[in-house]
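Please look over the sequence and the model together before reading on. The paragraphs below go from the overall architecture to individual helices, charged pairs and single residues.

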Amino acid sequence: MTKVYKAGFNGLGAYFREQLLEESKRHPNEDTRWYLGSLLERFSRNDALFSYQDGDFGIRPLALLYDDAQQCTQERERCQLLRQLGDQALFLGALFPEHYARKGIQRDYFVGMGGGAYDYLASHALEMRHIFAELAARFAQMLELIARICRRYRHFSASEIMALYQRWQRTGNPALATQLQAMGVTLERLPDQLH
């Protein structure tokens with residue numbers, strides 16, 4: 001690993017990298033863990049995720065970032081925007097899937113946008129191509145990994161657990177089952193839900 005990845009990263013970034021290592025011994029590779037730890041540290045600050053535009057403070061939609069990247073005439077600027085797109089898709093898709101699902105934006109949208117951005121970077125970025133290649137190839141798994149480490153120590157209220165359980169009963173979603181089991185909830189499907 002080069003000095004670029006290690007320089008100046010202590011505190012929260014180191015914590016996230018340690019959690020990534022603990023959660024996933026083989027993958028991602030060491031460089032990718034450094035990248036993800038730094039990404040999580042960076043997005044823990046409002047100024048990295050939110051922007052001020054048209055008199056409003058908010059998160060720029062992924063589709064607009066993609067359009068911005070397509071409009072670029074300079075390759076370096078296009079790569080910067082696509083990196084922002086990939087990083088933002090990974091962060092938002094991992095930590096706020098329920099919020100976006102209520103708006104009709106499903107997980108496959110984040111996988112497509114983020115995975116596509118990282119795939120482009122794997123071929124065109126000036127550095128870290130191997131990191132972007134791994135992120136592109138395993139984007140869905142990276143979403144799950146980040147979701148697990150960022151939610152590991154979150155305390156859920158009884159009403160949140162019940163809502164999660166009811167959603168699992170309705171949908172049978174294995175990701176919800178995993179979350180519930182990690183909280184110590186025993187899962188049983190009702191007889192009418194077994195067909």
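The secondary structure of this protein amounts to twelve helices and two strands, where helices (H or I, at least four residues) and strands (E, at least two) are DSSP runs numbered from the N terminus. Read from the N terminus on, the elements follow the order α-α-α-α-β-β-α-α-α-α-α-α-α-α. The model is a predicted one, in which local features need pLDDT of at least 70 and side-chain atom pairs count only at pLDDT 80 or more, while totals for chains, interfaces and linings use all residues. Residues are numbered from 1 along each chain as its sequence is written, and side-chain values use heavy atoms, with hydrogens and water left out.

Of the 195 residues of the protein, 37% count as buried; buried here means under 20% relative accessible area, exposed means over 50%, and partly exposed covers what lies in between, with a 1.4 Å probe and protein chains only. Among the contacts with a separation of 6 or more, 62% come from residues 24 or more positions apart, a contact being heavy atoms within 4.5 Å. Glu-22 itself belongs to helix H2 (residues 12-23) and is partly exposed, with a relative accessible area of 42%.

Helix H5 (residues 62-71) has Leu-62, Leu-65 and Ala-69 as its buried residues. These lie on the same side of H5, because they cover an arc of only 60° around the axis, the arc being that of the directions from the helix axis to the C-beta atoms. What covers the buried residues of H5 includes H6 and helix H8 (107-124). Asp-68 also has its place in helix H5, but Asp-68 counts as partly exposed at 24% relative accessibility. Leaving aside residues up to four places away in sequence, Asp-68 touches Arg-60 and Leu-81. The C-alpha atoms of Asp-68 and Arg-78, ten residues apart along the chain, are separated by 8.0 Å.

Side chains of opposite charge can pair when their charged atoms come close. The structure holds six salt bridges, each defined as a side-chain nitrogen of Lys or Arg within 4 Å of a carboxyl oxygen of Asp or Glu. One of them joins the side chains of Glu-75 and Arg-78, at 3.4 Å from N to O. These two are three residues apart in helix H6 (residues 75-95), so they are separated by about one helical turn. Glu-75 is partly exposed at 30% relative accessibility, whereas Arg-78 is buried at 17%.

Arg-83 is partly exposed, with a relative accessible area of 30%, while Asp-87 is buried at 1% relative accessibility. A further salt bridge is formed by the side chains of Arg-138 and Glu-134, at 3.6 Å from N to O; in this pair Arg-138 is partly exposed at 23% relative accessibility and Glu-134 is buried at 11%. Elsewhere, salt bridges that share partners join Arg-42, Arg-83 and Asp-87 into one network.

Glu-134 also takes part in a contact between two helices. Two packed helices are described by the angle between their axes and the distance between the axes. Helix H9 (residues 129-137) and helix H10 (residues 139-151) pack at an angle of about 90°, with their axes 5 Å apart; axes are lines fitted to C-alpha atoms, for helices over the stretch in contact, and angles run from 0 to 180 degrees between N-to-C directions. That angle makes H9 roughly perpendicular to H10, since angles of 65 to 115 degrees count as roughly perpendicular, those under 35 as roughly parallel, those over 145 as roughly antiparallel and the rest as oblique. On the H9 side Glu-134, Leu-135, Ala-136 and Ala-137 meet Phe-139, Gln-141 and Met-142 of H10.

Just one more residue remains to be visited. Met-128 lies in the loop between H8 and H9 and is buried at 11% relative accessibility. Phi of Met-128 is near 60°, a positive value in a residue other than glycine.
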